[in-house]
Amino acid sequence: EATMTTSLQRPFGYVDVAQSAATPLGPKGTRFLAHEFHYSRLQTEEPSALLVSKPAREPVPAGMLRKNCLGMYPHVHFAGMPEAVRQFIDRCRSGGRV
């Protein structure tokens with residue numbers, strides 16, 4: 001679940017993303033840069049598939065994975081992460097198995 005808020009949630013702007021689980025974008029540990037801004041907060045006890053951070057700040061949850069569906073706050077530009085595009089296409093071709 002997510003709860004809407006009246007203020008912009010932190011972190012926002014450019015963030016470092018670390019995958020805490022294997023996702024359609026790559027294996028656990030995959031890192032990439034992204035941009036994030038949102039007015040909602042995740043309300044769940046489930047572990048996040050992604051953690052985002054900024055310098056001198058603790059990482060915070062930023063995405064959920066359910067089967068082959070990845071929902072995430074970070075906005076990515078795939079031109080900056082071609083390996084993720086290959087991972088995604090390979091996962092689609094394999095019927096969701098990696």
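**Exercise 1. Is Arg 31 buried or exposed, and which partner does its side chain meet in a salt bridge?**

Step 1. Start with accessibility: Arg 31 has a relative accessibility of 53%. The classes are buried for under 20% relative accessible area, exposed for over 50%, and partly exposed in between (1.4 Å probe, protein chains only). Arg 31 therefore counts as exposed.

Before going on, a word on the model: it is predicted, so local features need pLDDT of at least 70 and side-chain atom pairs count only at pLDDT 80 or more, while totals for chains, interfaces and linings use all residues. Residues are numbered from 1 along each chain as its sequence is written, and side-chain values use heavy atoms, with hydrogens and water left out.

Step 2. Now look for the partner. A salt bridge is a side-chain nitrogen of Lys or Arg within 4 Å of a carboxyl oxygen of Asp or Glu. The side chain of Arg 31 meets that of Asp 16, with 2.3 Å from N to O.

Step 3. Helices (H or I, at least four residues) and strands (E, at least two) are DSSP runs, numbered from the N terminus.

**Exercise 2. Which value of phi does Ala 56 have, and which does Lys 67 have?**

Step 1. Recall the general rule: most residues other than glycine have a negative phi.

Step 2. Check Ala 56. Its phi is positive, about 65 degrees, although the residue is not a glycine. Ala 56 is in the loop between strand 5 (50-53) and strand 6 (60-66), and at 88% relative accessibility it counts as exposed.

Step 3. Check Lys 67. Here phi is near 55 degrees, again a positive value in a residue other than glycine. Lys 67 is found in the loop between strand 6 and strand 7 (69-72), and its relative accessible area of 74% makes it exposed.

**Exercise 3. Which residues form the nonpolar patch on the surface?**

Step 1. Apply the rule: patches are made of residues with over 30% relative accessible area and no salt bridge, where like charges are joined within 9 Å and nonpolar side chains (Val, Leu, Ile, Met, Phe, Trp, Tyr) within 5 Å.

Step 2. The members are Phe 78, Val 85, Phe 88 and Ile 89, with about 320 Å² of accessible area together (Shrake-Rupley method, 1.4 Å probe).

Step 3. Look at one member: Phe 78 lies in the loop between strand 7 and helix 1 (82-93). With a relative accessible area of 40%, Phe 78 is partly exposed.

**Exercise 4. How far apart are the C-alpha atoms of Gln 43 and Pro 55, and those of Gly 71 and Thr 3?**

Step 1. Gln 43 and Pro 55 are twelve residues apart along the chain, and their C-alpha atoms are separated by 25 Å. Gln 43 is in the loop between strand 4 and strand 5 and is partly exposed, with a relative accessible area of 39%.

Step 2. Gly 71 and Thr 3 are 68 residues apart along the chain, and their C-alpha atoms are separated by 15 Å. Gly 71 is in strand 7 and counts as partly exposed at 39% relative accessibility.
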